[in-house]
Amino acid sequence: MTETQNSSPAEEPAGRLILRTLAMPENTNPQGDMFGGWILGQMDLGGAILARELARGRVVTVAIDKMSFIAPVNVGDIVCCYGRCVHVGHTSLKIHLEIWVKKLEDANAVRRKVTEAGFTYVAIDDDGKKRLLPESLRAAGTDAAEKAAGAGICGNSNADGTFIA
């Protein structure tokens with residue numbers, strides 16, 4: 001049964017589109033498969049963009065939860081990183097990230113999730129020391145983080161996270 005024939009609703013990405021790129025040949029092994037480390041790097045980059053926006057300053061990655069690869073990524077795939085803040089602490093943020101891909105050359109292609117993980121970022125000052133997250137974010141927690149994320153990471157976005165040029 002294909003995804004479009006499935007009787008249950010198709011799964012949708014969790015969070016907002018943070019990063020979009022194209023899988024290129026220089027990121028493959030000799031057999032032509034995308035390196036998992038390249039995918040991990042895209043997730044970390046996307047998560048750091050969201051975390052930095054929410055923290056209003058420098059952040060560093062301190063942890064990555066379990067990550068499993070569900071499906072391969074091929075050269076030419078459009079790679080999209082979706083993310084949402086799932087926890088706000090005093091100095092740290094936990095961002096849930098998903099990578100979804102779609103075939104560039106197929107206008108009717110269905111996007112598919114290839115991996116997901118939780119990334120934890122800590123806010124730091126100019127000296128590399130932990131600092132408190134903005135009081136407004138800490139006080140309001142995850143709901144405020146979601147609203148802040150919707151305010152326009154990477155420019156302006158619609159309510160569904162799609163980019164407005």
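This briefing covers the salt bridges and one surface patch of the structure above. The model is predicted. A search of the whole structure finds eight salt bridges.

**Glu12 and Arg111**
- Glu12 and Arg111 form a salt bridge, and their closest N and O atoms are 2.5 Å apart.
- Glu12 is partly exposed, because its relative accessibility is 48%.
- Arg111 is also partly exposed, with a relative accessible area of 30%.

**Arg112 and Asp77**
- Arg112 pairs with Asp77 in a salt bridge, where the closest N and O atoms are 3.7 Å apart.
- Here too, distant parts of the chain are linked: Arg112 belongs to strand E6 and Asp77 to strand E4 (residues 77-88), 35 residues apart.
- What is the relative accessible area of Asp77, and is Asp77 buried or exposed?
- Asp77 has a relative accessible area of 0%, so Asp77 is buried; the cut-off for buried is under 20%.
- Arg112 has 23% relative accessibility, so Arg112 counts as partly exposed.

- The side chains of Lys113 and Glu116 meet in a salt bridge, at 3.1 Å from N to O.
- Lys113 is buried, because its relative accessible area is 12%.
- Glu116 is partly exposed, with a relative accessible area of 28%.
- Which residues are linked with Lys113 and Glu116 in a network of salt bridges?
- Glu11 and Glu98 are linked with Lys113 and Glu116 in that network.

**The nonpolar surface patch**
- Leu22, Met24 and Leu104 make up a nonpolar patch on the surface.
- Together, Leu22, Met24 and Leu104 have about 240 Å² of accessible area.
- Where does Leu104 lie?
- Leu104 lies in the loop between strand E5 (92-103) and strand E6 (112-123).
- Leu104 has a relative accessible area of 51%, so Leu104 is exposed; the cut-off for exposed is over 50%.

Methods:
Residues are numbered from 1 along each chain as its sequence is written. This is a predicted model: local features need pLDDT of at least 70, side-chain atom pairs count only at pLDDT 80 or more; totals for chains, interfaces and linings use all residues. Side-chain values use heavy atoms; hydrogens and water are left out. Patches are made of residues with over 30% relative accessible area and no salt bridge: like charges are joined within 9 Å, nonpolar side chains (Val, Leu, Ile, Met, Phe, Trp, Tyr) within 5 Å. Accessible areas come from the Shrake-Rupley method with a 1.4 Å probe; for residues, only the protein chains shown count as cover. A salt bridge is a side-chain nitrogen of Lys or Arg within 4 Å of a carboxyl oxygen of Asp or Glu. Helices (H or I, at least four residues) and strands (E, at least two) are DSSP runs, numbered from the N terminus. Buried means under 20% relative accessible area, exposed over 50%, partly exposed in between (1.4 Å probe, protein chains only).
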